[in-house]
Amino acid sequence: MPSVYIKTYGCQMNERDSEAVAAQLVAKGYSLAPSETVADVILLNTCSVRDLAEQKALRKMENLAAEIRRDRPEVVLGFMGCMAQSRGQELIDRLPDVDLVLGTQKFHRAADCLDEIIAGRRDKIVDVAEEPGSEATIREHLLNGNAQKSVTAYVSIMQGCNQYCTFCIVPYTRGEERSRTIPDIVSECRQLVAQGVKEITLLGQIVTSYGRRRFGRAEPPLGQDAQQRVPAQGKSPFVQLLDAVHEIEGLERIRFTAPHPKGYGDDLIEAYALLPKLVESAHLPVQSGSNRVLKLMHRGYTREQYLVLIEKLRRARPEIGISTDIIVGFPGETEDDFEQTLSLAREVEFDQAYIFKYSQRRDTPAADLPEQVPQKIREERNQRLLEVINEIAAVKYKKFVGRRTQILVEGPSRKNPARMTGRTRCNKIVVFDFAEREHRGRLMDVKITRASSFTLYGDPVIPD
Ligand code: SF4
């Protein structure tokens, strides 16, 4: 059977989709090639969030066609994912060496399409149509093919997004929100736990909207009163899912990404207080500290609402680690708007922030807004915000030194395989020297001895 190499661009959702496609192909008898130079099939799983990511994938395909196809004309070349979805046939018109273009609702068709092409029954395939039910098809894992990942796993719970933030291409490339059912997700999680997974991250473009169109809220319990700490309107489908996954025996930790701040209802805050497996970690993309810019972005919350949310989360879990995404230089962002973002960053004291310089993304409303901010100012704001974020994080990370904390041992460090890494519940990476390989997948206490930017170093605590 042929061998396949998948190169992934972009976000964690794309990583997960690639893993599911690879697992599906392995199940059909394909092998995984260690590099593109020896693969019979090369698939690029693409990202459209930034123009740069699209250009990179296009250049890569041009090079593959020129270098690999020249010597091995039988190699199959394909695009999958967001750029495949948004550009479709245009990709083959532009790069005639491409054999396959597979959209974001068609990952599960990869094996069938490749079979057709390899057997010579079809020359080129472009499949980017919508497919109801496709959200439930991202479920195969490669646990045994990749030992690094066997302690933690990502589970796709939904696809698409209906928020239509003005800078974002996702609603156009991933389509409307579509959610899997709770029993389907729980059964996948159970299987993973049976295979040794200890930590599951529930994954989707906007997980806090999970199931809201499909399932609705739960009935509130009868006889409820204010003391019962259950929201009067019943639990949202996402919190019902968290409750169900939390029941799985042997599962130690639950994370989720990416949520939307406006999806953090009181029931989700309560879940942090009531579900011990839900770790003290929240990624809350704020994007801007200015209400004017938040409105232009169509984010659906204000600075004040965001700050109240942070306060509630910290009240529920004082140790919670909070990370965020921020865009600087959004069209129309004035110096005063940017100062408000700086002040919000100082006020919240994020543990980690991913800063993006706004880049015009074709086919999004923000690309046509007037008052695009000059590149030089975007760079400068990026630098100023980075300094504030780093300064705050340095203080926060230093506070861990001398403390004992629990980590889940994930495996050898990528930078130095002689050392091991794990993650705290609040999502901080800890590197340590000694641990037997069989400690991978175990919860272990470490004493933190040193902190550098966004990494902690420690020694395992040997029980008395
Ligand atoms: S909520 Fe997230 S995925 Fe949805 S449009 Fe906004 S940024 Fe994009």
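At what angle do helix α1 and helix α5 pack, and how far apart are their axes?

Entry 1: I am working from a predicted model, in which local features need pLDDT of at least 70, side-chain atom pairs count only at pLDDT 80 or more, and totals for chains, interfaces and linings use all residues. Residues are numbered from 1 along each chain as its sequence is written, and side-chain values use heavy atoms, with hydrogens and water left out.

**Entry 2: α1 and α5.** I looked up the packing of helix α1 (residues 12–27) on helix α5 (residues 110–118): the angle is about 55°, and the axes are 9 Å apart. Axes are lines fitted to C-alpha atoms, for helices over the stretch in contact, and angles run from 0 to 180 degrees between N-to-C directions. Helices (H or I, at least four residues) and strands (E, at least two) are DSSP runs, numbered from the N terminus. The angle makes α1 oblique to α5; under 35 degrees counts as roughly parallel, over 145 as roughly antiparallel, 65 to 115 as roughly perpendicular and the rest as oblique. From α1 I noted Val21, Gln24 and Leu25, and from α5 Ala110, Ala111 and Leu114, as the residues making the contact (heavy atoms within 4.5 Å). They divide into 5 nonpolar, 1 polar and no charged. Here Ala, Val, Leu, Ile, Met, Phe, Trp, Tyr, Cys and Pro count as nonpolar, Asp, Glu, Lys and Arg as charged, and the others, Gly among them, as polar.

**Entry 3: core.** The largest nonpolar core has 70 residues, and Leu202 is one of those with the most contacts inside it. Such a core is a set of buried Ala, Val, Leu, Ile, Met, Phe, Trp, Tyr and Cys residues joined through side-chain atoms within 4.5 Å. Helix α7 (residues 182–194) gives the largest share, 6 residues. Beyond four places in sequence, I found Leu202 touching residues including Ile157, Phe238, Leu242 and Phe256.

**Entry 4: two loop residues.** I checked Cys47, in the loop between β3 (41–46) and α2 (51–71). Cys47 is buried at 11% relative accessibility (buried is under 20%, exposed over 50%, partly exposed in between; 1.4 Å probe, protein chains only). Its C-alpha atom is 6.8 Å from that of Gly81, 34 residues apart along the chain. Ser236, in the loop between β10 (199–203) and α8 (237–246), is also buried, at 11%. Leaving aside neighbours within four places in sequence, Ser236 contacts Arg217 and Asp267.
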